[in-house]
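Have a look at it first, then read on.

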Amino acid sequence: MDSSGTSQGKMGYDNPALVGSTPSLSPPPYSEIKSEKQEALKTVFVVPSSSEKTLKDEYYNPYENREVGHPVTFSDALFHILKASLGTGILAMPNAFHNAGYLVGFVGTLFVGFLCTYCIHILISSEYELCRRRKKPSMTYPETLEAAFLEGPARFRWLSRYSDFAANLFLILYQIGSCCIYFVFASTNIKAVADQYIRELDVRIYMLILLIPFILINWVRDLKYLAPFSTIGNFVTIISFGIIAYYVFDDMPPVTSRSPVAPIGRLPLYFGTVLFAMEAIGVVMPIENELDTPERFGSFFGVLNCAMLPIAVLYTVVGFFGYIKYGPEAAGSITLNLPSDQLLAQSVKLMLSFTIFITHAIQCYVAIDIIWNQKLKKHVTKNALWWEYVTRTLIVFSTFFFAAVIPNLELFISLIGAFCLSTMGLSFPALIQMLTFWDYYPGFCAKFIFLIKNLCIIAIALMGFVIGVTTSVHEIYLKFFAGL
């Protein structure tokens, strides 16, 4: 991948720039007449197969027209989704269970995992259909949202001009918000170790110390130079999780000592945390777009199901046993509950801080690509390289600023999950499917069920958005600003 963000390499962590958008889409180039055989969504879990193709499908198959320089294999795609989902979010799951209770948390995490997987399925199947209609081999998330508005009812098509901005805005906020969380995570864990050897300092001091290293690593313009560090980070993460499991399962208290159901007022914090932890919506479409056998992505035993099932189970197990072990004391990262005076526990905090340091640069690359490569670069005529470094520095500084303002891991995670992922991960996919297949269901009953199903998902997402953001902001205000 060159500095302009052109996609030439693998996707996922190697090529995150593909989550951005390209110039606006033109109106549909095809006839509006629908065929009686168009039943692309008899099951949203399967991308339309060859037996379901209409004459238009046979005329253009997006999968057969994709030209990918370095296609991603099944195992590569599976690894990318697992890597994107197993970050700071899983370490916050015991705290999430504290906000829900072990019974509600157990059932709720599995439900959210199913809902997230379902929404990704309908997003991918909708993208396929929109690509087929427009004779495009693939689309990014913003393109898919824009195309869905253009394909939907005529009275809503004017909204397409704003969809690109909305999708990119939430993508940028999600990526920058995640980077803020990484800043807080690294600083808090390093502080937990340093406090054992020197006098205690405010966590913001450690953020200030880390600011220069974070800026320097984000000055790396080609992600291939970070690949060796990312590989090391993967092995370090596996070792760290093993050590964490050792501490969690050592001398665990009985389940009856914990609450099965938490006060309902804390449930929004749980919802936001689980959404942030489990969603990998930013990398899903780019991975599918560069898969060597894209039809295997959404199949029953495809990449998505094979990745999301163990993710949902692992998050449930970590949250459940982490909460049973630490109870109400469960911190925003389970690493902060490990013994502060033991070298083994200290090594985990430092190792995971290193992996998060690398991940910050990878996640921030997406925001840099959208802001610089797609939006600002075309307006710069002189000293483009200098202005690119200025842009990169300002983006990193923004993550430092918000992390310093709200240096609380659990509240930050819940806020980003409720604000960004309830929209990007739940409501937008349901909206895209509803617009894409608006005229595809014959009969009142089928159309009614189709609309009610998607409207229910949107309602759940909106409730999570409003209540989750309100609760998180209120808790942040009480914790950091009420006494000012």
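What share of the contacts in the protein with a separation of 6 or more comes from residues 24 or more positions apart?

1. The share is 83%, where contact means heavy atoms within 4.5 Å. Please keep in mind that this is a predicted model, in which local features need pLDDT of at least 70, side-chain atom pairs count only at pLDDT 80 or more, and totals for chains, interfaces and linings use all residues. Residues are numbered from 1 along each chain as its sequence is written, and side-chain values use heavy atoms, with hydrogens and water left out.

2. On the overall make-up: the protein has 16 helices and zero strands. These are DSSP runs numbered from the N terminus (helices H or I, at least four residues; strands E, at least two). Of the 484 residues, 57% count as buried, that is, under 20% relative accessible area with a 1.4 Å probe and protein chains only, while exposed means over 50% and partly exposed lies in between.

3. The axes of H13 (residues 343–376) and H14 (residues 384–405) come within 10 Å and cross at roughly 130 degrees; axes are lines fitted to C-alpha atoms over the stretch in contact, with angles from 0 to 180 degrees between N-to-C directions. H13 is therefore oblique to H14, since angles under 35 degrees count as roughly parallel, over 145 as roughly antiparallel, 65 to 115 as roughly perpendicular and the rest as oblique.

4. Who makes that contact? H13 contributes residues including His360, Cys364 and Ile368, and H14 contributes others, among them Arg392 and Val396. The residues of the contact divide into eleven nonpolar, three polar and two charged (Ala, Val, Leu, Ile, Met, Phe, Trp, Tyr, Cys and Pro are nonpolar; Asp, Glu, Lys and Arg charged; the others, Gly among them, polar).

5. Leaving aside neighbours within four places in sequence, Asn218 touches His360, Ala361, Cys364, Ile368, Arg392 and Val396. Its side chain makes a polar contact with that of His360 at 3.2 Å (N or O atoms within 3.5 Å, one able to donate a hydrogen and the other to accept it; residues adjacent in sequence count only if both atoms are side-chain atoms).

6. Finally, a backbone check. Asn383, in the loop between H13 and H14, has a positive phi near 55 degrees without being a glycine. Asn383 is exposed, because its relative accessibility is 56%.
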